[in-house]
Amino acid sequence: MSELADITRRLARLEAVHEIENLMGRYAFYHSAYRDDLIPPLFADREDLVVEMPFGTFTGPDAARRAWAPPPMKAASRDLAGEYVEHLLTTPVVEVAQDGRTASAAWISPGAEAHHLGWVEGNPLRALWYWGRYSADFVREDDAWRLWHFRLSATFITDYSASFTDAAAQLIPPLPPYDENGPDAPPRGQVPYSPVWDPRELPLAPEPYDTFPAPPE
């Protein structure tokens, strides 16, 4: 490889890191503004799309649309007064493959939320701490980076005034049904906090790599 070609390749990979961080930043802003309708276009148009959430795993080309479709407790007609979602993206590690076709990244994400708990009598508005981790694979598609494999692992969800070491204070929302509009499988890749957990089970940030194990077509 010539020196010019090497510089060009390295510059493209540096630009990819910036584009991927912007992509995830937009996701966070859309989610905070309850504009979940803007999230699916951030994903690639692929049959092997995967979205892993604390409430279930979605697969297939419509995985993102189904993952962010409003369930009954998030119906568009419901009262959003006082609702709040904020998930920070800290400690970014973005590794772009040497071939420039894919990338893998991870973020630790402290967050806070406030929701009307529609499954609790009286529909109370509750303030919550919601800490977790994002990990994702990205693919270059139509001259733009898109999400390909997405995972949000919830470390703990608890009342703002309670210790997250108190298992009784953990908030466990009801899981949606597994049907044509819901998840295809139970949640996976989750490492929830417990007073007896081993922190060495937490996933590590991605390492540099040459090409994805199963390169995209």
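Visitor: What classes do the residues lining the second largest pocket divide into?
Guide: There are 13 nonpolar, six polar and four charged ones. Nonpolar covers Ala, Val, Leu, Ile, Met, Phe, Trp, Tyr, Cys and Pro; charged is Asp, Glu, Lys and Arg; the others, Gly among them, are polar. By the way, this is a predicted model, where local features need pLDDT of at least 70 and side-chain atom pairs 80 or more, while totals for chains, interfaces and linings use all residues. Numbering runs from 1 along each chain as its sequence is written, and side-chain values use heavy atoms, leaving out hydrogens and water.

Visitor: What makes a pair like Arg9 and Asp6 a salt bridge?
Guide: The rule asks for a side-chain nitrogen of Lys or Arg within 4 Å of a carboxyl oxygen of Asp or Glu. For Arg9 and Asp6 the closest N and O atoms are 2.8 Å apart, a salt bridge.

Visitor: Why is Arg66 called buried?
Guide: Buried means under 20% relative accessible area, exposed over 50%, partly exposed in between (1.4 Å probe, protein chains only). Arg66 has 6%, so it's buried. Asp184, at 42%, therefore counts as partly exposed.

Visitor: And why is Tyr160 called exposed?
Guide: Tyr160 has 54% relative accessibility, so it counts as exposed.

Visitor: How do you know that Asp184 and Arg66 pair up?
Guide: Their side chains meet at 2.8 Å, N to O, in a salt bridge. They sit 118 residues apart in the chain. Salt bridges with shared partners join Asp62, Arg65, Arg66 and Asp184 into one network.

Note on methods
Helix = DSSP H or I, 4+ residues; strand = E, 2+ residues; numbered from the N terminus.
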